[in-house]
Amino acid sequence: MAALTKERDTPEIANGGRHMSLPVKGGTTIYQGALIALEDGFAVPAKKAAGLIAAGRAEETVSNPGADGAVSVQVSRGIFVYANSAAAADKVSAAHLLQPCYIEDDQTVTAAAAGSSVAGLVIRVDESGVAVEIGYGLTSTAADP
């Protein structure tokens with residue numbers, strides 16, 4: 001398609017696309033509140049693995065015993081609080097503010113990038129956990145393998 005030569009009515013997605021319905025990978029159960037990632041275009045509970053794309057927080061519990069995409073899960077993008085890594089060397093700290101953190105599992109984030117995928121940007125770190133901005137375009141960094 002050629003570049004514009006006159007005005008264009010470019011539609012905006014309602015609520016900035018904060019809520020999405022994503023197809024679930026077959027043989028997968030996703031629990032409400034889980035950090036969700038995309039694996040080959042299908043929603044899965046986030047896990048330590050390279051090449052995943054953090055999508056957001058599951059708004060419902062779904063089970064897909066069937067084929068890839070047979071069911072969908074409602075996912076929200078935004079800032080959510082997840083557990084900090086239990087490993088002292090991998091804990092997210094105030095030094096990581098506004099920097100990427102990484103997926104440890106579907107409820108935990110880590111500062112360790114090796115063998116993992118970006119969860120999102122660290123917005124706050126305190127005793128309640130790590131507030132992570134998820135789903136707004138940050139999916140990889142140079143640290144990713």
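Predicted model: local features only at pLDDT ≥ 70, side-chain atom pairs only at ≥ 80, totals over all residues.

Trainee: What makes a set of residues a nonpolar core, and which residues have the most contacts inside the largest one?
Mentor: The term stands for buried Ala, Val, Leu, Ile, Met, Phe, Trp, Tyr and Cys residues joined through side-chain atoms within 4.5 Å. The largest such set here has 18 residues, and Leu-35, Cys-101, Val-109, Ala-119, Val-132 and Ile-134 have the most contacts inside it. At least two core residues come from each of the strands S3 (35–39), S8 (78–84), S9 (100–105), S11 (118–126) and S12 (129–134). S12 gives the largest share, 3 residues. Ile-30, Ile-36, Val-62 and Val-73 are among the 11 residues of a second, separate core.

Trainee: Why would nonpolar side chains be buried together?
Mentor: As a general rule, that is what they tend to do in soluble globular proteins.

Trainee: How are the strands defined?
Mentor: Strands are DSSP runs of E with at least two residues, numbered from the N terminus; helices are runs of H or I with at least four.

Trainee: What does Leu-35 touch?
Mentor: Contact means heavy atoms within 4.5 Å. Setting aside residues up to four places away in sequence, Leu-35 touches Val-44, Pro-45, Ala-46, Gly-56, Tyr-82, Ile-103, Asp-105, Asp-106, Ala-119 and Ile-134.

Trainee: Why is S3 called largely enclosed?
Mentor: Buried means under 20% relative accessible area, exposed means over 50%, and partly exposed lies in between (1.4 Å probe, protein chains only). In S3, 4 of the 5 residues are buried, so the strand is largely enclosed by the rest of the structure.

Trainee: How do you know which strands pair with S3?
Mentor: Two strands pair if DSSP finds at least two bridges between them. S3 has 4 bridges to S5 (residues 53–58), and the two run antiparallel. S3 also pairs with S4 over 4 bridges, in the antiparallel sense. On the S5 side, Ile-36 has Gly-56 as its bridge partner, while Glu-39 stands opposite Phe-42 in S4.

Trainee: What makes the contact between Lys-47 and Glu-39 a salt bridge?
Mentor: The rule asks for a side-chain nitrogen of Lys or Arg within 4 Å of a carboxyl oxygen of Asp or Glu. For Lys-47 and Glu-39 the N to O value is 3.2 Å, so the pair qualifies. Glu-39 is buried because its relative accessible area is 18%, whereas Lys-47, at 35%, is partly exposed.

Trainee: How many salt bridges does the structure hold?
Mentor: There are 3 in the structure. Among them, Glu-59 and Arg-57 meet at 2.6 Å, N to O, and Arg-124 and Asp-126 have their closest N and O atoms 2.9 Å apart. Glu-59 is partly exposed at 29%, and Arg-57 is partly exposed at 26%.

Trainee: Which residues does Gln-74 contact?
Mentor: Leaving aside neighbours within four places in sequence, Gln-74 contacts Met-20, Ser-21, Arg-57, Ala-58, Glu-59 and Glu-60. Gln-74 sits in strand S7 (residues 72–76) and, at 35% relative accessible area, is partly exposed.

Trainee: Is Leu-98 buried or exposed?
Mentor: Leu-98 is exposed, because its relative accessible area is 63%. Leu-98 lies in the loop between S8 and S9, and its phi, near 60°, is a positive value in a residue other than glycine. Leu-97 is in the loop between S8 and S9 and is partly exposed at 40%.

Note on methods. Residues numbered from 1 in each chain as written. Heavy atoms only, no water.
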